[in-house]
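Welcome, and thanks for taking a look at this one. Let us go through the fold together, piece by piece.

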Amino acid sequence: MEYEGQICRGPMERASFMLPISVGCSYNQCRFCMLFKHLTYRELPMEQIEAELQRVRSVGGNPKQVFLGDGNAFSARTDRLLAILDRVHQAFPACESVHMDATIHDILRKPAQELEALSAAGVRTLYLGIECALDDVLAQMNKGQTVAQAEEAIEKLHQAGMRYGAHMMTGICGKGRGLENAQALAEFYNRTRPDRIVNFSLFLHRRAPLYQDILAGRFVPADELENLREERRLLELLETDGLSYDGFHDFLPFRVRGLLPRDKEKMLQKLDEAIETYAEQEPAVAFVE
Ligand code: SF4
């Protein structure tokens, strides 16, 4: 199947078979995000999804884990999702879990019984954009959710037997607010217990609406040194057992990953070394074309 868009999957989904069921993001309004701005959201026809499943099956594919794309596949109606899950299990008897991206409102919109039905049909982990835990920044980024709504949605999916993975971005709060966000985000994660966190660290596209905010002086970007300090503080404060963390900075040859709390000291040490190194260099801000 020809893929439309830009693939942005967390590294923890590397082993999953990626099955697109939609194109783009039905929300598509976050000011920092350029992943799907050039696409109009649409659901793919069931025949196309079935043909892809049969294609993979015919060459012997039988993956244990499937990722449904794209930007917020969970926004589809529950009956459609259940029909797709049924076809996935028919095509891949070995499939144990199905994951996808969701928005907070995708979850809040679905009644508890529908969430339970999706969980029973094999949906295990939903990836949520929990980039920051400060309401004023969420509003500025037009994220379409508040901290309280995110917490309510996560509680709802936990009640239904699903887990959540967080996509976050150090730097999202701008210059001078990294440590404040680290504190708020750690408290949020400690309360809501994600089983995985991926830190993509903010990279600023010159075509993104956020770039206009920078030009107008409404947003002052943090440099990568501040982003590393934010990441260090967050890791220091995280207290969730068995939490898998992976953080990378597209703009720096630096990555820190491991399982918390087991690897915490090693990870903090790695961050300390990086902070020491970058403190001696010219400030770098992660702009991309
Ligand atoms: S919900 Fe996710 S994919 Fe959609 S615009 Fe926001 S960040 Fe981008």
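## Two domains in one chain

Please keep in mind that this is a predicted model. The protein chain is split into domain 1, covering residues 1-163, and domain 2, covering residues 169-289. Between the C-alpha centres of domain 1 and domain 2 there is a distance of 24 Å.

## Where the domains meet

How much area do domain 1 and domain 2 bury between them? The figure is about 2,600 Å², with 65% of it on carbon and sulfur atoms. Three residues deserve a look here: Met12, Arg31 and Met34 supply 24% of the area that domain 1 buries against domain 2, more than any other three residues. Counted by contacts, 29 residues of domain 1 touch 32 residues of domain 2.

Charged and polar pairs also span this boundary. Five salt bridges are counted between domain 1 and domain 2, and eleven residue pairs are in polar contact, both residues being at pLDDT 80 or more. On the side of domain 1 that touches domain 2, the elements giving two or more residues are β6 (123-129), α5 (135-140) and α6 (147-159). Of the residues on that side, α6 gives the largest share, with five. By type, the residues on this side of domain 1 comprise 15 nonpolar, five polar and nine charged.

Now turn to strands β10 (residues 243-248) and β11 (residues 255-260), which run antiparallel and are joined by six bridges. The hairpin that leads from β10 to β11 has six residues. Which residue of β11 is the bridge partner of Gly247? That partner is Val256.

## Backbone details worth a click

As background, most residues other than glycine have a negative phi, and most peptide bonds are trans.

Leu260 and Pro261 are joined by one, with omega about 0°; Pro261 sits in the loop between β11 and α10 (264-279). The peptide bond from Gly69 to Asp70 is also cis, with omega near 15°, and Asp70 belongs to the loop between β4 (65-69) and α2 (78-91).

Look for Asn142 in the loop between α5 and α6.

Side chains of opposite charge can pair when their charged atoms come close. Across the whole structure, a search finds 20 salt bridges. One of these joins the side chains of Lys143 and Glu131, at 3.2 Å from N to O.

Methods. Residues numbered from 1 in each chain as written. Predicted model: local features only at pLDDT ≥ 70, side-chain atom pairs only at ≥ 80, totals over all residues. Heavy atoms only, no water. Pairing = 2+ DSSP bridges. Helix = DSSP H or I, 4+ residues; strand = E, 2+ residues; numbered from the N terminus. Domains from an automatic or database assignment. Contact = heavy atoms within 4.5 Å. Buried area = accessible area lost by both parts, 1.4 Å probe. Salt bridge = Lys/Arg side-chain N within 4 Å of Asp/Glu carboxyl O. Polar contact = N/O pair within 3.5 Å; in protein donor to acceptor, adjacent residues only side chain to side chain. Nonpolar A, V, L, I, M, F, W, Y, C, P; charged D, E, K, R; others polar.
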